[in-house]
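Hi there,

Here is the structure I promised to pass along.

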Amino acid sequence: MTQKKRFAALALCALSIAPLSALANPIPLNGSFSFNGAAVNQFTSGGITYTAGNLGAGINTATSVTVQNPITITATPANTFGATNDLNGQLPAGSTGYIVNPTPGGTYTLQIPQNNASNPFSTGILPFASTTSSMNGDTFNFYATSDQVLSSVSLGNISELGIIILGTVSDTQNKYTSSLASVGLTFIDNAGALGYTGAFSAPPATTTNVPEPGSLLLVGIGALGLGLCARKFKLTGRVSSGLQDSIA
């Protein structure tokens, strides 16, 4: 193969690889799903701890709630936030996860913000919630930054307490960028029967797609190679016409 053909081959190779490299870039996540928790073991209200079957207080006044894992996805809609739900097919119903404590059947006690406060949230380096796909093994980790009470309802011997936890989510297969997200939890006391449900949501971030440096480098190499080839072809043409017979 002549030198000019080698230049052309390398240039076209670089230009063809660049788009494939760009495809590896994670994209902003647009997703949501709902889930059920295994159980609420107990809650504290007014300094008193209540367990299942105890009708002494409603969970809507709780200052702390102890939840039991696992959490199990019940529904992942096809569309969310006006677009295709990225998690539809990624996290199907039946996929499981946990709240803070990854031990099977493990528990975690959540402190409930009081007086309409929005409290900073910290679980160290542990994710607040984690869910693994039953289809491809991709794990989505949610890291909490703050929580706040959204609702407190009591009607007869049925009561509910809803909280919202704000934070970010990322996946272990690096398909999506770390995105702002939230987890909502609803604790239920139905005549002494305790339980909890939840919902996850990550609306798409408003971003401008910027090629990664590696892709730009490959495009630059390709363009440079093609430019050198064009110059080589031009000079070769001149040689054949006798204008630059000293150039090989």
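Let me begin with a term. On a 1 Å grid over the protein atoms alone, a cavity is a set of points where a 1.4 Å probe fits but cannot get out, and its lining residues have an atom within 4 Å of a point. Grid points are joined across faces, edges and corners, and a volume is the space filled by probe spheres set on the points. With that in hand, the structure holds 1 cavity of 30 Å³ or more.

Some housekeeping before the rest. This is a predicted model, in which local features need pLDDT of at least 70 and side-chain atom pairs count only at pLDDT 80 or more, while totals for chains, interfaces and linings use all residues. Residues are numbered from 1 along each chain as its sequence is written, and side-chain values use heavy atoms, with hydrogens and water left out.

**The chain as a whole**

The protein chain has 2 helices and 13 strands; these are DSSP runs numbered from the N terminus, with helices being H or I of at least four residues and strands being E of at least two. Of its 248 residues, 37% count as buried. Here buried means under 20% relative accessible area, exposed means over 50%, and partly exposed is in between (1.4 Å probe, protein chains only). The accessible surface comes to about 13000 Å², and 60% of that belongs to carbon and sulfur atoms; the areas come from the Shrake-Rupley method with a 1.4 Å probe, and for residues only the protein chains shown count as cover. Among contacts (heavy atoms within 4.5 Å) with a separation of 6 or more, 67% are between residues 24 or more positions apart.

**The cavity**

About 80 Å³ of space lies in the largest cavity. Which residues line the largest cavity? They are Phe33, Phe35, Ile71, Ala129, Ser130, Thr131, Phe140, Phe142, Val169, Val183 and Phe200. The lining divides into 9 nonpolar residues, 2 polar and no charged. E1, strand E9 (129-132) and E10 each supply at least two lining residues, and the largest share, 3 residues, comes from E9.

**The core**

A nonpolar core is a set of buried Ala, Val, Leu, Ile, Met, Phe, Trp, Tyr and Cys residues joined through side-chain atoms within 4.5 Å. The largest one here has 39 residues, and those with the most contacts inside it are Ile99, Leu110, Phe128, Phe142, Leu185, Phe187 and Phe200. Elements giving two or more residues to this core include strand E1 (31-45), strand E3 (64-75), strand E10 (139-155) and strand E13 (193-202). In soluble globular proteins, nonpolar side chains tend to be buried together.

Pro70 sits in strand E3.

**A few residues to look at**

Phe121 lies in the loop between strand E8 (118-120) and E9. Is Phe121 buried or exposed? It is buried, because its relative accessible area is 12%. Beyond four places in sequence, Phe121 is in contact with Tyr108, Leu110, Phe128, Ala144, Thr145, Ser146 and Asp147. Ser146, found in strand E10, is also buried, at 15% relative accessible area.

Val153 and Ile59 are 94 residues apart along the chain, yet their C-alpha atoms are separated by 8.9 Å.

Finally, two asparagines have positive phi values. Phi of Asn115 is near 55°; Asn115 is in the loop between E7 and E8 and is exposed, with a relative accessible area of 75%. Asn174 has a positive phi of about 55°, lies in the loop between E11 and E12, and is partly exposed at 47%.

Technical notes:
1 Å grid on protein atoms, 1.4 Å probe; cavity = no way out; pocket = protein on both sides within 12 Å on 5 of 7 lines; lining within 4 Å. Nonpolar A, V, L, I, M, F, W, Y, C, P; charged D, E, K, R; others polar.
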